[in-house]
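Let's take a look at a protein model together. Have the sequence and the 3D view open as you read.

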Amino acid sequence: MEKATFTLHRSDNGSPLPESIRIIPVKEDIVFPRLVRSLELNEKGLVKAINEAHAKKEYIGIVVLKYHVASPNPEDFYDVGTAAKVVRIFESSSDNIKCLVEGIARIKITEYTQTEPYCMAKVEELREFTEKSETVEVLIQSVKTLFKLSAMLGKSLPKDIIPMIDTINNPSIMADLVTVYLDLHIDEKQKLLEMVDPQKRLRIVFHYLNKDVQVREVKGKINDEVAKEMSKAQREYFLREQMKAIQRELGENDPHTAEFLKLEENIKKAEMPKEVEVIAMKELERLKDINPASPEYTVSRTYLDYLINIPWNKKTVDNLDIKQAEKILDEDHYGLKKVKERILEFLAVHTLKEKLKGPILCFCGPPGTGKTSLGKSIARALGRKFIRISLGGIRDEAEIRGHRRTYVGALPGRIMQEICRAGASNPIFMLDEIDKIGEDFRGDPASALLEVLDPEQNFSFVDHYLDVSFDLSDVLFITTANILDTVHVALRDRMEVIYLSGYSEDEKLKIAHQFLIPKQIKENGLKNHPLEFKDAAITKIILEYTREAGLRNLEREIASICRKVAKEIVEKEQVTKIITPETIEKFLGPRKFFYQVTEEEDKVGVVTGLAWTETGGDIIFIEASRMRGEKELTLTGLLGDIMQESAIASLSYIRSNAKKLSIDETFYDTSEIHIHVPSGAIPKDGPSAGITMCMALVSLLTGRPAKREVALTGEITLTGNVLPIGGVKEKILAAIRAGVKTIVLPTKNKDDFEEIDKEIREKITCVYIDKIDDAVNIVLSQKTS
């Protein structure tokens, strides 16, 4: 709302108020009688009410909200308000209106008759009564005197308000006019609106005005003292300037002058863009005028240091030798063909085109698959600086964009800080754990990254602290994630996702020999004491002491063995030089994991399934049992909604196709079915267990045992179709680790299976199915008598 203007006579010629009028709730300030004020409303219902009232020349009732709520109801309005008429409409649209209203009289709402699309209410006018007396005359004169004194002491008032005050002798008008210009809380102004006795109202206004004058007198004294201090500071400044002039005449150097000259020289050497250099020079001129003892001096100096230290035009020269780059990548990591191929493609294009926007890559895969270390290897192959920041748990947007310099202790965001430390504008920048970014009241860091990770925008990235644009298009950004489900959709769209699946047993064996064992021998001081690991020993660690898609636990177990050998050397015992499967049990104790499903016998109602988790693939056993009861399905094992729906769909398919499956069509009338998935403390969900649940029920109801060395995965429909699923490689690796001989996949996943390395495919038989019925004879043995 804008400041009000008064009209001293009612413009409605004293016409009576109607019984029912439109109610307009406002949040900010009160409209008093005889007051002209502008309103701006942003709610469709209120816009409609104003337009109708203006068109029909009808009154509106303006009331103030008791509380600021998003969708106010009549109980949120004060009962006493002001009847007003719409004088003029400035702007109007379907959901916004600006208008001028004139207060007419005080009203009290007696009953609401309508709430949609706007409120209508029955009202009664609150008549004011005034008795002329010497007390009222004295009050009016006292209020006039105090109001003029307040204006003299610095109160901000319109130019024509003082002359108007001199012409008013009506206590009601005087009280309302002065109330408008008092710095009162909305609740206190509402109480004055509700008072119909002008004398009482005028007394309260006199009290508030007297208090305002006292406060202004104290402020005036304080301002005078501050002005004297300022004069003293200016005198010191002029004396200092004279001292500098005298020092120059005597040939003595001012240390601050030397510092400013050095800063100016560094600004010119920094090769900043022209517009940034202009800003830096302005800041330097400002710095010269600041007292070195002032805190502002340090803030300005730190800002200049950051502008100078940013590598505006400093770049490392890329190693464009593709053969050399490929050799370095192969030295550091085994496998990972897709990632290496993508980096070599980037180098090839860079060789043909000098100016190239850096790609935004996202390495997604289970923990321990080498995502972070791969970033370092890429930097080494390209000959670039490597920067890594972990985004896990970051909740403050300022971590990315920086704080504005108005805050105490403000700094640039991590992006610009790390680029300053690297000293080059084209590093490899790894944003680790992008799927674990947080979000709270301090902002959304994921949204702040949208500009950073967009090649179409990041050429002019503006950090809040620096407040100048910096070109990030030469930076090669690499992000890492275990899963993409939690990554912001718009952020995911900006990244080129490269999936890193888990490693097979053979790959882990080769990686252990080439990388892990030499590394641990060196780190544990065994370089002068050769230690040989047999293939069978490493395989035993992989199968019986680790259960992961990556390599971290494998490296830990190898490190544990190396430490125990180091202990033997120090204690001068018989030193183990060759690590065999028998030695493994001696050093690491009994086996920790049991994968072999072939050791188990075939059972009725128990089927082997394949699952995908963010840590890689795994096998699950789905158990089904039948008991006496009536049409009840029980599901246990902490199953999610999708998995529960798969179980219901499986049962519905079997009931509708019981005859074809050689199952009694009335089995459900006298039975209660229970489906359980072990490891009940671990949440499970997803549609890929649909075919496994269905086969467990078929096995149970036909009495045919399920083959334990056959594992299934696939989503099912009520019509018996088997739909494709994801995570094929991880599931196959889990099946091989567990000793599964045959896997059953949907036909549409054939291409996914063919993409897997041949040496992995040769270890397992894959059968493709389109229909649920196709899996029955593959998974189930014949019924034994």
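This is a predicted model: local features need pLDDT of at least 70, side-chain atom pairs count only at pLDDT 80 or more; totals for chains, interfaces and linings use all residues.

Residues are numbered from 1 along each chain as its sequence is written, and side-chain values use heavy atoms, leaving out hydrogens and water.

**Helix pair**
- Helix α17 (residues 505–523) and helix α18 (residues 535–544) have axes that come within 10 Å and cross at roughly 115°; helices here are DSSP runs of H or I with at least four residues, strands are E runs of at least two, and both are numbered from the N terminus.
- The axes are lines fitted to C-alpha atoms over the stretch in contact, with angles running from 0 to 180 degrees between N-to-C directions.
- α17 and α18 are therefore roughly perpendicular to each other (65 to 115 degrees).
- On the α17 side, the residues that meet α18 are Glu505, Lys508, Leu509, Ala512, His513 and Ile517 (contact means heavy atoms within 4.5 Å).

**Histidine 350**
- Histidine 350 sits in helix α11 (residues 337–352).
- Its relative accessibility is 15%, so histidine 350 counts as buried (under 20% relative accessible area, with a 1.4 Å probe and protein chains only).
- Leaving aside residues up to four places away in sequence, histidine 350 touches Asp318, Leu320, Leu356 and Arg384.

**Buried helix**
- In helix α23 (residues 728–737), 9 of the 10 residues are buried, so it is largely enclosed by the rest of the structure.
- Glycine 739 follows α23 and has a positive phi, near 85°.

Conventions. Angles under 35 degrees count as roughly parallel, over 145 as roughly antiparallel, 65 to 115 as roughly perpendicular and the rest as oblique. Buried means under 20% relative accessible area, exposed over 50%, partly exposed in between (1.4 Å probe, protein chains only).
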